[in-house]
Amino acid sequence: MKILGTGTYDANRTTMTNSLAAALLTRPEISTNVVNLFEDSFSAFSSYLARKGMQKRGLKPDMSTSDFKVIGNRKFQWALKGYPFRKGTLVTDPIGPVSGPVVQGGATVTTGIGLNQSVFTIYLDTNFFSPNDTLELGDRRTILQVMDSYPEEIATGVWAYQCKLVTNETGAEVLADLLAEGQEVGFSYTAFHELSETGYEKNTFPEWHTNYMTIQRMQFSISGSAQNTVLWVEHNGQKLWFRYQEMDMLRRWAYARENQLIFGRASIDADDNVLLRDLKGREIIQGDGIVAQGDGSLKFQYNNLNIKTLENIMQNLQLLTTDDGMTEVFVMGGQAFVWNFQRLMRDVFKYNPEPLFVTNGDKTRGVKATFNSYEMAGVKLVVAWNKAMDAAWRPQRRDIFGTNLESHRGFFVSLGNTIGGDANVELVSLGNGSQDRRYVRKMITGMAEPGKAGRGEYASNSIDGYQCQVLSETGLCLKNPFGFAEVYKPS
């Protein structure tokens, strides 16, 4: 959908042509593409998803399939085929015999944990591990044996494991820094005694992820004397018209919807307790945007963007896709990030400068150094500047050079397929069982009304004008939280 230009409203001519409002009523799927009108301003993300057709279709309240569930008309869940194994994080230091501090590499560390086959307890944030599992620590050289007892949940989300060090050396022990709070622990293999009684089951699929719809509303009003200016747009070769005042409202709606899809935060917890209410006690339910749904392990801080950082991100996203062939990644960010990104890409392609040179016979010659997409090692990057991240009307934090930190922020979204062949990112709109809630538009007429030159006999009120109310109830699902990465500059 694109803007063609302005025009003057003529009741005898314009009403014979489809208005955008009428088209939205008869074909609500057009509403997904309304944001394309503003993709050069601040709806780059949602516009790209709309153009790619990444919208979950055929949904209805309480629908249930093997990989997608609708609960009520605002909550939805999807199944994720994640890693075949899980790792845990130590939530506190271990408990066990400690011999005392020693100096290693210029640092003082406490050793003696697990000395002489003593039992010690570690506390993890998962119950994935079983009796007789062996666990590898962060150095991938130190191995622990879980004792023949199930982990005990000592607090919400905290499990205690009794362990011993696996070694054949007398006096060997575990360095405490490997078991400090925040260190990671993973499954390695199993070891059982002779005539053991049983093995243990581990299930990682499906993991069910949850998100919620967010209701947004906008409106515009127009007087009877000011409704003669219209804008013309084109969608799939069809020309449509709508009011200039509606354009301003749609711009605000597109901006708000884009922000919610990217930066939105859920206001409801895992137990369906709504934590946000208005002054009258009414629940305000919001869903997570793509940043909140993305996994925290793929967030990278940088001072100077370099090709190694980008390659690290691309390799991580490529490993996690289930597509055969090309992995497509949508990259968006602020102006400073996009310029830095373009500069890096020019450095990459300068060794093969042929794509940089363009010519039109003998008329024009030049160098084109701006690309819309890049392909390297089986990964295709599609780059877009999200101008809202540099908008002067948004709050800003600046670095010591006065540069807006948000302008250096960049997002990488893998669009590859996941379980069931679905796209990794999809727009979701559930509706209430009878209406399409992607874009609901209602007119409240007064002494003026759209498209009838004021000839209607009835009105909703006596105001010399009319009002338009719009409502959208949408959300977004990031099927695989590891399919998202973020880079940012420190404050």
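In which sense do strand E8 and strand E12 pair, and over how many bridges? Strand E8 (residues 133-136) and strand E12 (residues 184-190) are antiparallel partners, joined over four bridges. The model is predicted: local features need pLDDT of at least 70, side-chain atom pairs count only at pLDDT 80 or more, and totals for chains, interfaces and linings use all residues. Residues are numbered from 1 along each chain as its sequence is written, and side-chain values use heavy atoms, leaving out hydrogens and water.

**Terms**
- Helices (H or I, at least four residues) and strands (E, at least two) are DSSP runs, numbered from the N terminus.
- Strands pair if DSSP finds at least two bridges between them.

**Around E8**
- Thr 134 has Tyr 189 as its bridge partner in E12.
- In E9, the bridge partner of Thr 134 is Gln 145.
- E8 and strand E9 (residues 143-146) pair in the antiparallel sense over three bridges.
- Six residues separate E8 and E9 in a hairpin, and Arg 140 in the turn has a positive phi of about 55 degrees.

**The open sheet**
- Six strands form an open sheet of mixed pairing, in the order E17-E27-E23-E18-E22-E21.
- Its edge strands are E17 (299-301) and E21 (373-376), each pairing on one side only.
- Strand E23 (residues 410-414) pairs with strand E27 (residues 484-488) in the antiparallel sense over four bridges.
- Phe 411 has Glu 486 as its bridge partner in E27.

**Helix H2**
- The buried residues include Phe 45, Tyr 48 and Leu 49.
- Gly 53 follows H2 and has a positive phi, near 70 degrees.

Terms used:
Buried < 20%, exposed > 50% of the residue type's maximum accessible area, 1.4 Å probe, protein only.
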